[in-house]
Amino acid sequence: MDTDAKQETVIVNDREQLEEFHRDHKSEIWVGYNSNGYDRYIQKAILCGFNPKEVNDFIIVKKKKGWEFSKALNRIQLFNYDVQFKRDTSLKQLEAFMGHDIRETTVPFDIDRKLTQSELDEVIHYCRHDVSETMEVFRRQLNEFDAQLSLLREFDLPLRNISKTQAQLSATILGAVPLANPDKDRFEISLPETMIIKKYTNVVQFFRGYNSYDMTLQTTISDVPHTFAGGGVHGAHRQYQFECGPDEYMIMADVDQLYPSIMIKYNLLSRAVRQPEKFKNILDTSLRLKAEGNKKAREPYKRICNITYGSEGDQYNAMYDPRNRLLVCIYGQLLLLDLIEKLEHIPSYRLIQSNTDGILVRIKKADFEWFDDVVYEWEARTGLHMSFDFYKKIFQKDVNNYIIIDHNGSFKSTGAYAKKQSDLDYDLPIVNEAVVKYFTDGVPVRKTIYDCQEFIKFQKIIKISGKYSYAIYGMKKKTERVFRLFAAKHGKQLMKVKNGIPARISYTPEVCQIVNEDVNDMPMPEWLDRSWYIEMATKRINDYLGS
């Protein structure tokens with residue numbers, strides 16, 4: 001589908017037509033879903049004269065990378081942009097989230113004969129639908145494409161780099177050259193020289209002896225249970241609720257660009273990067289544009305900063321440097337612990353939670369200047385910088401699930417129970433909505449669920465993973481892998497099957513209806529069992545409250 005000409009081209013077993021089409025469009029950007037890993041190599045294989053079935057089996061059956069099949073594939077110019085933003089999410093799942101038709105073709109993929117005309121028509125219809133859905137996902141993720149282009153423009157990279165992931169682009173921009181033996185010193189531990197920890201020395205000793213990613217330390221910090229590990233720190237009161245009084249503050253203190261700042265301040269950027277000063281300039285530019293409030297101009301710089309840390313732990317990235325990645329994380333944990341220890345001298349200070357790059361605390365307003373002074377001294381000593389956000393009320397299940405409300409009534413939420421959903425991640429939205437409205441506005445769960453007349457908000461999207469052979473609905477075997485379920489007053493149970501043994505699917509009703517047609521304008525059916533959604537929302541609320 002050509003979005004400029006608004007034309008569709010269907011090619012069936014005609015290599016010459018494909019060659020002509022490719023020749024006419026080879027300087028344009030081709031967009032697909034999971035096309036980086038599969039489609040572009042099938043297309044290139046046909047253009048090179050290879051049997052596409054052999055390339056298919058090379059990728060799918062042998063689980064090889066497409067570029068490994070033949071060097072000839074790399075000589076075909078194809079500017080491919082892949083809209084798959086999560087590796088484990090299929091296009092069919094996204095179609096389901098959007099409420100679209102997810103019925104699949106009845107023609108088997110492994111059929112051992114030529115297709116009949118009716119089968120061919122059905123396959124073309126199915127492919128046309130998927131290309132249309134890919135266009136819709138692209139439209140809804142246009143900001144990601146714009147970010148990719150802005151990286152190319154900002155750092156003067158040729159268009160062929162459009163096919164790279166942003167992590168690969170970061171390595172290219174920073175001129176990374178893979179280390180010869182990056183794993184040899186992965187547990188060579190050092191600690192930040194600026195750190196001053198006198199009370200919680202057990203944490204310091206834990207990291208001094210850190211020699212396995214399986215190591216964890218559970219301890220109490222500021223009366224809050226904490227877990228320290230090589231991947232970060234988490235600490236929080238469970239089932240905690242708090243609302244500020246007129247003389248109190250609740251402050252979320254986050255370190256601005258924590259990991260990138262540590263990389264520069266403590267010389268922990270990947271040792272594969274040959275131009276570290278370039279990364280420093282990128283970080284400085286990102287922080288300057290943030291201070292100026294220029295979000296659009298900041299985006300490519302922010303992306304490089306955020307991606308670089310993760311790339312240090314990716315063995316397939318040129319910036320792979322597991323030692324420095326581990327040290328960045330350890331330094332971050334210890335420097336935040338350093339700050340927490342100093343804040344304990346403030347009489348009214350109470351820690352609510354701590355996470356990878358910040359802390360949530362409550363204090364008396366009269367102690368704010370003292371709090372600010374402690375943070376300022378810590379910033380001057382460590383070279384890091386903090387930003388403060390003020391909140392009025394919090395409902396916290398644990399460190400990964402909480403709803404926090406500011407003084408204007410706006411809220412932010414973390415965790416699956418109450419996260420703000422997008423139209424590309426739209427699973428049981430009515431349950432999330434009921435939980436949030438209960439905590440933010442005091443609306444009874446029953447009212448939220450019975451007032452809703454949007455059928456799509458009651459959907460539960462299920463994907464049967466490759467670990468299971470198939471799904472059964474009642475006693476009937478299903479060929480599909482993605483389903484849209486609704487709790488029902490009458491129906492059957494959907495289960496997944498492995499080694500012939502059925503297993504229950506988490507967070508699904510025991511009695512459900514499968515509706516794989518488009519549900520966006522579908523009226524509310526009489527068979528919908530709203531009580532199941534009320535029960536689930538009520539359980540989630542009780543998980544927050546500890547009741």
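**A chat about strands, helices and salt bridges**

Guide: Let's start with an open sheet of 3 strands, in the order 14-17-20 with antiparallel pairing. Two strands count as paired if DSSP finds at least two bridges between them. Helices (H or I, at least four residues) and strands (E, at least two) are DSSP runs, numbered from the N terminus.

Visitor: Which strands are at the edges?

Guide: The edge strands are strand 14 (460–463) and strand 20 (512–514), and each of them pairs on one side only. From one strand to the next, the twist averages 50 degrees. Axes here are lines fitted to C-alpha atoms, for helices over the stretch in contact, and angles run from 0 to 180 degrees between N-to-C directions.

Visitor: How many bridges join strand 17 and strand 20?

Guide: Strand 17 (residues 482–492) pairs with strand 20 over 4 bridges, in the antiparallel sense. Leu485 stands opposite Ile514 of strand 20.

Visitor: Before we go on, what sort of model is this?

Guide: It is a predicted model, where local features need pLDDT of at least 70, side-chain atom pairs count only at pLDDT 80 or more, and totals for chains, interfaces and linings use all residues. Residues are numbered from 1 along each chain as its sequence is written, and side-chain values use heavy atoms, with hydrogens and water left out.

Visitor: Good to know. Is strand 11 largely enclosed or open?

Guide: Strand 11 (residues 393–398) has 5 of its 6 residues buried, so it is largely enclosed by the rest of the structure. Buried means under 20% relative accessible area, exposed means over 50%, and partly exposed is in between (1.4 Å probe, protein chains only).

Visitor: And what does strand 11 pair with?

Guide: Strand 6 (residues 240–243) pairs with strand 11 in the antiparallel sense over 4 bridges, and Gln241 has Phe395 as its bridge partner there. Strand 12 (residues 401–405) also runs antiparallel to strand 11, joined to it by 5 bridges. Asp398 stands opposite Asn401 in strand 12, and a hairpin of 2 residues connects strand 11 to strand 12.

Visitor: New topic: salt bridges. How many are there?

Guide: The count comes to 36 salt bridges. The rule asks for a side-chain nitrogen of Lys or Arg within 4 Å of a carboxyl oxygen of Asp or Glu. In general, side chains of opposite charge can pair when their charged atoms come close.

Visitor: What about helix 16?

Guide: There, Lys539 and Asp543 meet in a salt bridge at 3.2 Å, N to O. They sit 4 residues apart in helix 16 (residues 530–545), so they are about one helical turn from each other. Asp543 counts as buried at 19% relative accessibility.

Visitor: Which residue does Lys457 pair with?

Guide: Lys457 forms a salt bridge with Glu454, with the closest N and O atoms 3.3 Å apart. Lys457 is buried at 13% relative accessibility, while Glu454 is partly exposed at 42%.

Visitor: Which residues are linked in a network?

Guide: Asp185, Glu188, Arg271, Asp321 and Arg323 are linked by salt bridges into a network.

Visitor: Let's switch to helix 3. Which residues there are buried?

Guide: In helix 3 (residues 52–60), the buried ones are Val55, Asn56, Phe58 and Ile59. They cover an arc of only 160 degrees around the axis, so they lie on the same side of helix 3. That arc is taken from the directions from the helix axis to the C-beta atoms.

Visitor: What do they pack against?

Guide: The buried residues of helix 3 pack against helix 2 (35–48); contact means heavy atoms within 4.5 Å. At the start of helix 3, a side-chain oxygen of Asn51 comes within 2.9 Å of the backbone nitrogen of Lys53.

Visitor: Last one: where is Thr105?

Guide: Thr105 is in the loop between helix 4 (91–97) and helix 5 (117–140), and is buried, with a relative accessible area of 17%. Leaving out residues up to four places away in sequence, Thr105 touches Glu122, Val123 and Tyr126.

Visitor: Which side chain makes a polar contact with Thr105's side chain?

Guide: The side chain of Glu122, at 3.2 Å. A polar contact is a pair of N or O atoms within 3.5 Å; within protein, one must be able to donate a hydrogen and the other to accept it, and residues adjacent in sequence count only if both atoms are side-chain atoms. A polar atom of the Thr105 side chain also lies 3.1 Å from the backbone nitrogen of Val107.
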